[in-house]
Amino acid sequence: MTTPTTQEEAARPALTSKSDGVRGERLFSWWTLATGLLVLAILALILITTTKQAWPAFQDMGLGFVTSSTWDPNPASGNPVFGALAFIYGTALSSLIALLIGVPISIGIALFLTELAPRRLRGSAVMVVDMLAAIPSVVFGLWGVLVLAPLLVHVYQWIHDVVAPVPGLNIIFGEPIGTGRSFMTAGIILAIMIVPIVTSISREVLSTVPQVNKDAAYALGATQWEMITGAVFPHSFGGLVGAVMLGLGRAMGETIAVSLVIGGATNLTPNVFAGGNSMAAVIVQQFGESTGTFTAALIGLGVVLFAMTVVVNLAARLVVRRAEIRVQGTAT
Amino acid sequence: MNRKMRSRLVLVGVALAVLAGCGGGNSDNSGTSSDATANGSGELKASGASFPDAYYQEVISAYKEKAPDVTVTYNAVGSGTGKQEFGKGLTDFAGTDSLVKDDDGVPAGSFVYVPTVAGPITVSYNLSGVDKLQLSPDTLANIFQAKITKWNDPAIAKDNQGVSLPDTSITVAHRSDGSGTTSNFTKYLTAAAPSTWKLGNGDTVAWPSGTQGAEKNTGVAQIIKQTDGAIGYVDYSDALETKLNMAAIKNKDGKFVAPSLEGATAAVAGATVKDDLTYDPLNAAGADSYPITAPTYLLLKNKYDDANTANLVKEYVRYVLTDGQPIAKDVNFASLPSGLQQKALAQLDKVQS
């Protein structure tokens, strides 16, 4: 077939020079392979160089680096001690609070935008949510320190008083710190910061649910909520977990905003209203004036943070795979 | 904002002074121009301590009027980084609040210390109904170690006879970043309350878990400003600008002294100056001494590679030590007492090329 017979074929780009096409194809596959490998190489290099630089601290502290909660670069006597447990805990707790608050809000917004909102409202609502993402994190941090924390102290005090007789809860919602700069405030600020990214990805994921599935659910007599739990969530579970993971990644790595509002204390306590510190915040606070093993220990925090992110992501993949098998009956 | 405005005012003042000098007559005029040639031309780079940064920036803009062909830059990167950059030869001189240690990257014997100004570190607080507070070193140490947690603690009451103290919880605010201010404050506690203070001293110390950290002096000042019951250490100029209440601290002679520039100068005068011109004005003797007074130094090389740089550095530092001293007051730093000032000027003779 050398001459185009139909109009459709005529509209296609001319594939006359065969060798050109092959070369392009090869170039394309090399380029994508190279960029793919580049990501891996960068990750590996970061891991190797940071671990190497952190080695003196790991060597000094051994396993104590992640199991001790004493962080003392200038002790009154003896050698410096670098135990990161309190900071690992701070990162985990503030991120967890952020997810507990941020994820229901984000998925709610996403469902509203895809299923409920009138078409003309969608555009502007999406724009407003996306604008949240454009606010620099330091602005969130300053707002948290200047406005939110002093206001929240009173709320924290009220919650603390209300749950005081309840065992367990009165430990989690303990005596609030006077400044309001606490794990909870950090979690709330982080929740606001992860809403845009979780919302926008959830929205994309939810909009991929085929109309046929939804119509089928309705045809079986499902209400809108039953349709969402029965048809929308199973189809989009993996994607939603992905969205949450991206949010979690942002929350765990967030530095400046957390550094401002978390309270800057080395504190390992179940009380979410107490001040603490996170790994990323400690690095940015203390790196400037550090030397020797102290610097190594701060880089070590980076390595631990990196490892934690990888572990969390792998765990999430596992969850997704299990759930998909359960919900859809097939491994995808 | 305030600082900027003040620096502008100082600039205008200096400019007027120069103009007035020029208008004074031919002899004055020739004097100024010969001065300018004596100051040479070129560029000086420096970095280091952030504590005296406000003062150094003022001096640099004033010096620009005197020696327009010399450009001096000072980056407030922190004492530690400043020493490292100086040791690597990236800068011509460095500013530091702490003395040079072996692992700082500056070879011993390759540099001289030049003290420039001193500054009081205030213990600022916010406690509704209490405008005057007096603290002895042991009480202070116990507050910052979270051994004393309520404002109506008997130890605080003992230092403040006749003052009614509320039972508000104490919120301790400290620096979360490594800082020469922390180092000097904890050194003071180590010196003044040796049996009580257990946390050692340094740029970063292991504060008790219930305390609050914030970045820079302004961050600590802000916690104090917005929290009833808060107490923290803040440098004098930030405490003044934030309009914080400052506690009077019991000095070595047993007198309660509130932070002031005169108190700081008295502390410097009361300190023993070593041969290399380092001195420790913390917990210094003297009835008028404010005990938490921090020194700051410039590090100059013994030997510069070229004569021009050596000359530029010497002329600039000479200016800091002479005409630059009165500027210190404008930015709330204490100038050197004349004895130490003369010794510092003599130190410049050791700088060669």
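**Close-up views of a predicted two-chain model**

**View 1. Helix 4 against helix 10 in chain A.** In this predicted model, helix 4 (residues 85-116) of chain A packs on helix 10 of chain A at an angle of about 140 degrees, and the two axes sit 10 Å apart. Oblique is the label for helix 4 of chain A relative to helix 10 of chain A, because an angle has to be over 145 degrees to count as roughly antiparallel. The crossing of helix 4 of chain A with helix 10 of chain A is right-handed.

**View 2. Who touches whom between helix 4 and helix 10 of chain A.** From helix 4 of chain A come A:T91, A:S95, A:A98, A:L99, A:G102, A:V103, A:I107, A:L111 and A:E115. Helix 10 of chain A answers with A:I228, A:L240, A:V244, A:G247, A:L248, A:A251 and A:M252. Sort the residues of this contact by class and you get eleven nonpolar, four polar and one charged.

**View 3. Helix 9 against helix 10 in chain A.** Here helix 9 (residues 211-219) of chain A meets helix 10 (residues 224-253) of chain A, with axes that come within 9 Å and cross at roughly 150 degrees. That angle makes helix 9 of chain A roughly antiparallel to helix 10 of chain A, since the cut-off for that label is over 145 degrees. This crossing, too, is right-handed. On the helix 9 side of chain A, look for A:N213, A:K214, A:A216, A:A217 and A:Y218. Across from them, helix 10 of chain A puts in A:E226, A:M227, A:G230, A:A231 and A:H235. The tally for the contact of helix 9 with helix 10 of chain A is five nonpolar, three polar and two charged residues.

**View 4. Chain A meets chain B.** In this view, 26 residues of chain A are in contact with 32 residues of chain B. Strand 1 (71-72) and helix 12 (279-286) of chain A each bring at least two residues to the side that touches chain B. That side of chain A has seven nonpolar, 16 polar and three charged residues. For the complex, the predictor gives an ipTM of 0.80 and a pTM of 0.82.

**View 5. Confidence along chain B.** Chain B has a mean pLDDT of 87, and 89% of its residues reach 70 or more. Residues 13-37 of chain B are another story: the pLDDT there is below 50. Beyond near neighbours in sequence, this stretch of chain B has 13 contacts in the model.

Conventions. Residues are numbered from 1 along each chain as its sequence is written. Chains are lettered from A and ligands numbered from 1 in the order in which they are written. This is a predicted model: local features need pLDDT of at least 70, side-chain atom pairs count only at pLDDT 80 or more; totals for chains, interfaces and linings use all residues. Axes are lines fitted to C-alpha atoms, for helices over the stretch in contact, and angles run from 0 to 180 degrees between N-to-C directions. Helices (H or I, at least four residues) and strands (E, at least two) are DSSP runs, numbered from the N terminus. Angles under 35 degrees count as roughly parallel, over 145 as roughly antiparallel, 65 to 115 as roughly perpendicular and the rest as oblique. A crossing is left-handed if the near helix is turned anticlockwise from the far one by less than a right angle, and right-handed if clockwise. Two residues are in contact if their C-beta atoms, placed from the backbone, lie within 7 Å. Ala, Val, Leu, Ile, Met, Phe, Trp, Tyr, Cys and Pro count as nonpolar, Asp, Glu, Lys and Arg as charged, and the others, Gly among them, as polar. pLDDT is the predictor's confidence in each residue, from 0 to 100.
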